[in-house]
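Hi! Could you have a look at the aromatic rings in this one with me? Here is the model.

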Amino acid sequence: MSDGIEPHLKPNETLLWQGRPTFTRTLPGAYVFLRITGWVMFACFLFFLLIGLANLDEMEGGTLIWVIFLAISSGLWLIFSFFAPAYARAANRRTRYGVTKTRALILHGGHRLIRLSIGKSGKINRRGRDEDGPWAVYFFFPPARRYRDADGHYRTSRPGPVGFTGLSAEDAVMAETALTAIRGKG
């Protein structure tokens, strides 16, 4: 894998800005939920272990099922608490962002390229808390989607915004400036 986004550009594209997440240890919300789920599985492991040890002399034929519960809960703990967040961090380290003269580019994992154009009235929103924390520049806000659930009721789904996340404050300002310069040209 190359270090930049240049090999993925079309022949007539030139980059105005290129960056990558500075804060690769920051996980998206879904992975935070997985990590919490993993620690809940660890609590289940401890619960099954304590219940089994307290009733070890009364289990007679239930030892195998007890060991299976311990193995499943400890395996899920390892997967959700350690492997999934490590995978997310590794994918975050391989993410690259770019802004060409007509589009915004997001390269995930070094191989999956997403090209997004920004409309004339497209909103560009820079978010962050302080100079030392991660910043994000959101520029694609998918519309709400109505669908019918299994019971026949209409529901509304509001997808989250898409943009450049995990940036330093300086990169966020440069990305916002580049995105503002190409607004309506895509």
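Below are a few numbered notes on ring pairs and a charge.

1. First, the ground rules. This is a predicted model, where local features need pLDDT of at least 70 and side-chain atom pairs count only at pLDDT 80 or more, while totals for chains, interfaces and linings use all residues. Residues are numbered from 1 along each chain as its sequence is written, and side-chain values use heavy atoms, with hydrogens and water left out.

2. You'll find eleven aromatic pairs here. Rings of Phe, Tyr and Trp (its six-membered ring) pair if their centres lie within 6.5 Å; planes under 30 degrees apart are stacked, over 60 edge-to-face, and the rest tilted.

3. Take Trp39 and Trp77: with ring centres 5.7 Å apart and planes at 65°, the pair is edge-to-face. Trp39 belongs to helix H1 (residues 29-54) and Trp77 to helix H2 (residues 63-93), so the pair ties together parts 38 residues apart in sequence. Helices are DSSP runs of H or I, at least four residues, and strands are E runs of at least two, numbered from the N terminus.

4. How covered are they? Trp39 is partly exposed at 42% relative accessible area, whereas Trp77 is buried at 19%. Buried means under 20%, exposed over 50%, partly exposed in between (1.4 Å probe, protein chains only).

5. Both tryptophans also belong to one aromatic cluster, formed by Trp39, Phe42, Phe45, Trp77 and Phe82.

6. Finally, the charged end of Lys123 sits over the ring of Phe141, 4.4 Å from its centre. That label needs NZ of Lys or CZ of Arg within 6 Å of the ring centre and within 35 degrees of the ring normal.
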